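Here is a short briefing to read alongside the model. Take a look at the structure first, then follow the points below.

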2 protein chains.
Amino acid sequence: MTMTEAIANLSRKEQVIRKAAELFKEKGYAAASMRDLAQLLGIEAASLYSHIKSKEEILRSLCFDMATEFRKSLEEVEKQNVSASEKLRRGIIGHIQVMAKDLTASAVFMNEHRHLSQPYLRDFLLLRINYINRFKKIIEEGVQKDEFKRTIDTKLAVMTLFSSLNWMPMWYDPSGGIIEPIELGVQLSDMLVNGLKQNPK
Amino acid sequence: MTMTEAIANLSRKEQVIRKAAELFKEKGYAAASMRDLAQLLGIEAASLYSHIKSKEEILRSLCFDMATEFRKSLEEVEKQNVSASEKLRRGIIGHIQVMAKDLTASAVFMNEHRHLSQPYLRDFLLLRINYINRFKKIIEEGVQKDEFKRTIDTKLAVMTLFSSLNWMPMWYDPSGGIIEPIELGVQLSDMLVNGLKQNPK
DNA sequence: CCTACCGATCGGTAGG
DNA sequence: CCTACCGATCGGTAGG
């Protein structure tokens, strides 16, 4: 295989994966057939297998590539020497920026990862629980430092945070152009940290 | 059909639907086969069709029954003559109580409704947007009455609220017994309304 | 990237 | 609730 062919194959494989992400998001992994995918790409179903090994390989690359991006973003934030609430704020903004770079892959990451087979599913869930726990530690740090209320349930807080973050790709439409990803992150973190209520004057 | 048979059929149909809900939650609607379901019930796949008309009929009854419960709960709250923030609080607690009554059906309602065919899917989405908009009006009322900050994005606020509420069945385990459904609603609404941050002393 | 094809499994029906 | 079965569709392979 020449260099040019390698590059061409790589980019064609990318095309297949990106189109698959759209299809998986729309119909769900199980309900999306390889024949659907082939049709979207204008080729025969059998031809897909020149580019990918299996349907699940596509799901795997989507899920694990996103997981890697999320992890890198959080590691960047953890290094910084700022207050817990600022760290939480930056973690939230980072997470939203990673999602905003590929909303389709983010939706698949969130909703379709359960169709991974073992041992990939287990590996994926371990990465995810690790990521969540690191956010939880930031919140716990905030409680200890008296930045956050001592009465909050940190598990509830972190799950609420994640629910809000992870559903974003389901309703956020950047082409609607009302609000930018960073601005969205700022508002969301402000809402979770400061709440909806009017500050006492 | 005698009365006794009618009652027996009804309860058997209920058993089929409840077991199907567990299966749909676990594997997803598309990946759950009628043969899987039959095996869980200890009968042949063909025998299922003495109780239900089709696979989708099960999904329909799960989704629309939950939708009805949510609507009734919110209507109850809307009647009450209280502040917007209290109305929001009661709406959240009501929503969580409805979910807590059947966490399995709630998870299916949330994650599998997209597999409804037309025209049911459209009807379902209309019910859902209506429900969301009624919560949004409560938040807007709170902004107008100066209970909530004028700077909040009400669409973002309501979608964040719903994301938090709707993901609850995915991680909340009442048998873990750490926190009761009502207490969960109270804490969640406090968190969204007042935020995580320590009140200024 | 295509033609030709495979075994497995799907939701569901007929008839009892 | 069962046996027997159907047409459709699935993910994927062989060979070019």
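Of the atoms of DNA strand C that lie within 4 Å of the protein, 53% belong to sugar or phosphate and the rest to bases. For DNA strand D, sugar and phosphate make up 52% of the atoms that come within 4 Å of the protein. This is a predicted model, in which local features need pLDDT of at least 70 and side-chain atom pairs count only at pLDDT 80 or more, while totals for chains, interfaces and linings use all residues. Residues are numbered from 1 along each chain as its sequence is written, chains are lettered from A and ligands numbered from 1 in the order written, and side-chain values use heavy atoms, with hydrogens and water left out.

**Around DNA strand C**
- By class, the surface near DNA strand C has six nonpolar, five polar and four charged residues (Ala, Val, Leu, Ile, Met, Phe, Trp, Tyr, Cys and Pro count as nonpolar, Asp, Glu, Lys and Arg as charged, and the others, Gly among them, as polar).
- Phosphate oxygens of DNA strand C lie 3.2 Å from a side-chain N or O atom of A:His51, 3.3 Å from a backbone N or O atom of B:Ala32 and 3.4 Å from a polar side-chain atom of B:Ser33.

**Around DNA strand D**
- Among the 15 residues around DNA strand D, A:Arg35, A:Lys55, B:Glu44, B:Ser47 and B:Ser50 come nearest.
- A base nitrogen of DNA strand D is 2.7 Å from an N or O atom in the side chain of A:Arg35.
- A polar backbone atom of A:Met34 sits 2.8 Å from a phosphate oxygen of DNA strand D.

**How the two chains pair**
- In chain B, 45 residues are in contact with 45 residues of chain A (contact means heavy atoms within 4.5 Å).
- Chain B and chain A bury about 4100 Å² between them, 58% of it on carbon and sulfur atoms (accessible area, with a 1.4 Å probe, lost on being put together, summed over both).

Notes: Near = heavy atom within 4 Å. Polar contact = N/O pair within 3.5 Å; in protein donor to acceptor, adjacent residues only side chain to side chain. Buried area = accessible area lost by both parts, 1.4 Å probe.
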